[in-house]
Amino acid sequence: MKKLLLGGAALMALSVGFTGVTTGSAQAQQCTTKIGAVLPTSVDWGRPIAEVAQFAVDQVNAAGGAGGCQIEMVLRDTQVDPKVGVDAARALVDLDGVEVLLGAVSSGVSMPILTSVTVPSETMMMSCCSSSTAFTNLAEQGETKGLFFRTFATTGVQAAVGAKVAADQGWGKVAILYKNDDWGQDMARIIAADFAEAGVEVTGSVALNDAQPSYRAEVAQALSGQPDAIYLALYPAEGTMAVREWIGLGGTQNMIMANSLKSDEFKENVGLQYLAHAYGTDTASPRAESADAFVEAYRARFEAEPTGPGLANSYDAAMLALLAMEAAGEGATGPQIAAAIPRVTDPEGTPITADTAGFAQAKEVLAGGGTVMYQGATGNVRFDANGDVSAPAVIWKFGESTIEEVQYLPLEEVNAIMSDG
Amino acid sequence: MIQHLIDGVLVGAIISLGAIGLTMVMHILRFANFSHAELLSVGAYAAFVLGPLIAGLSGALEAGIGPLSLSWAVALAVPLAMAITGATAVLLDRIVFQRVRAKGGELSMVFASFGVALVMRNVIGLIFGLSPHLYSRDIAFAQIISYDPLIMVKPDQVAVLVLALILMLALHLLLSRTTFGYSLRAVAENPDLAQVTGVDLKAAIRAVWLIGGALAAAAGVFYGLTNQIIPVMGRDLVLPIFAATIAGGIGSVYGAVLGGFLVGIAGNLALLVLPPGYTPSLPFVIIIAVLLLRPHGLFGEARA
């Protein structure tokens, strides 16, 4: 029987994957420069992220291309799998000879690509959507060689705002329940530090594993510190179970939720009556003209609302990479392109819009040796020394039928909270 | 500490019910049935569908029983769900396992059970969707039994424990006091010899599936009541149930009961010693420890 069980376990571990490769193309005129994109096109929310990047490439080509050539974006699927992602990135770098790589989405995929492909091969990498602070740490140690940028704010923004909620509400003791994966561990670590900075005591930090039959013991553990509030870095599936258990065991209904719990399923299964003191955090689109312009352009091009995750970020990632290629000139290498990024995100530079006309204008300014300030779908993008961006934030609550905004924190305010922390 | 112990007993009751059915099937049909835990889902979803139907008959049934979040309607749906799940188990045997048994070996049965588990889980997901459902949206509040040390128990959990113990007692009486029970045990002991003495082997196998399915259904409803109903609940519970079965000794109903409580309590107490991220490893640790110390489980016997 032991043998049978082993056979069974092996079968249980067996999974089947398939590889799909899709290629974007652009019409070549005089010459064509390839750029790479590694994105999870095989998942439903991943495809629009790739399409909006191609949209940016098309606009740039309409303005005559970047770095003197038309741009062809070669797109490969990551299947949200680090192994597949690394293979895809390696093929793009080694076979297609790209100097710029867009992607990936998940931090867990971007990280191995960065460390084992783009940094060793000196390729510039621009991620639309990876939020882990592990990249910041890596950049601080100089391991990214300044070749990594991302247009998505780190989890640090949400954590900082979460700590602000606790401080504003006067919750002095908070317990943390977090999903036991890269994202959750990252969140738990940062929020604990932010709470400490804000003078909020963390009474306990408990990891919840996926697919457990019961979270009762974990919840009881978190409850034992008798906190004033609970911080939830969870997904709706385990979040629902844990919060129902938490409330049932008499836990406080003062809650701070990460954006992952912004879900109707969670609201309905927990019950709105228990969520009156539950505040969520999220990063937000800037309330800027350029962001509205992107929404308009997106509607016109795709006949849909740009509501999916990472769309504005993906568009800006592609645009900025191409602007930098333009600034670096024909035949530029990855490090040269990366070094040109400050020239296109200069707060003192000529403001340019995120469209064909804007890119054409940028070409003129850059050709004259000037600098430009890109005003994109996520606002005026500005990278810090680690290639990170910040973003405005919102504090939200569950309402009867919608998500209600409690407070909008513009970029300046978020930066102020972050620098306190 | 005491709180964890109590929680462990309450969780253990559900695992025990699941393990009883599994141990009986494993003993009599001699294969590790990985689809057994999916029967819990079948039972839970059957009661989920039947509950509102029964409530439709009379509005009064929609009310909760006393302090429980369990409504009369869902309570009445439990026996029906047990019957449906038992029948499902018999049907699965008829469609799949019987045929494989006739032609293939033990390993083929194990593989077949994997396939059956996948099919069942995904069919349930197709019909009901992948997101969780609840018997009642109301949150069951725990009653404080003692303040120092703080001990809290939910009425639902006590009810589940009592009902589980009643089911186990009924099974015990069935197996130890009736001729039917003797014949089942005889088949488990030696199918050929049992047939010689006039036991209908096919009827016995059918009965084992029925009982196993019915107990699994009860476990599924109880699990749904204290947690949530979700298509992957079988997958989440399969390891604890297997750990309980193996720890108790394959074939021993009493071992399965004890194993269930052991796994439940150990899972809850583990948090006191292990970081929370490592507690899912516990069922494996129990399986390995038992197999090392008592290869046939706590109550199991060696057999060829």
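**Note on a predicted two-chain model**

1. The C-alpha centres of domain 1 and domain 2 of chain A lie 33 Å apart. Domain 1 consists of 32–152 + 310–380, and domain 2 of 156–284 + 393–420; such bounds come from an automatic or database domain assignment. This is a predicted model, in which local features need pLDDT of at least 70 and side-chain atom pairs count only at pLDDT 80 or more, while totals for chains, interfaces and linings use all residues. Residues are numbered from 1 along each chain as its sequence is written, and chains are lettered from A and ligands numbered from 1 in the order in which they are written.

2. Between the two domains of chain A, 6 residues of domain 1 are in contact with 5 residues of domain 2; contact requires C-beta atoms, placed from the backbone, to lie within 7 Å. On the domain 1 side there are 1 nonpolar, 5 polar and no charged residues. Here Ala, Val, Leu, Ile, Met, Phe, Trp, Tyr, Cys and Pro count as nonpolar, Asp, Glu, Lys and Arg as charged, and the others, Gly among them, as polar.

3. Chain A has 16 helices and 15 strands. Both are DSSP runs numbered from the N terminus, helices being H or I with at least four residues and strands E with at least two. The radius of gyration of chain A is 23 Å, close to the 22 Å that the globule rule gives for 421 residues, so chain A is as compact as a globular protein of that length. That radius is taken over C-alpha atoms, and the rule is 2.2 Å times the number of residues to the power 0.38. Along the principal axes, the C-alpha trace of chain A spans about 70 × 60 × 45 Å.

4. Strand 9 (residues 255–257) and strand 10 (residues 278–283) of chain A run parallel and are joined by 3 bridges, with A:Ile256 having A:Tyr279 in strand 10 as its bridge partner.

5. Axes are lines fitted to C-alpha atoms, for helices over the stretch in contact, and angles run from 0 to 180 degrees between N-to-C directions.

6. A further open sheet of chain A has 3 strands in the order 11-12-13, again with mixed pairing. Strand 11 (350–353) and strand 13 (379–380) are its edges. Strand 11 pairs with strand 12 (residues 372–376) in the parallel sense over 4 bridges, and A:Pro351 stands opposite A:Met373 in strand 12. Helix 15 (residues 356–367) of chain A packs on this sheet, touching strand 11 and strand 12, with its direction at about 150 degrees to that of strand 11.

7. The contact between the chains takes 37 residues from chain B and 32 residues from chain A. Helix 4 of chain B gives the largest share of the chain B side, 5 residues. By class, that side has 23 nonpolar, 8 polar and 6 charged residues.

Conventions: Two strands pair if DSSP finds at least two bridges between them.
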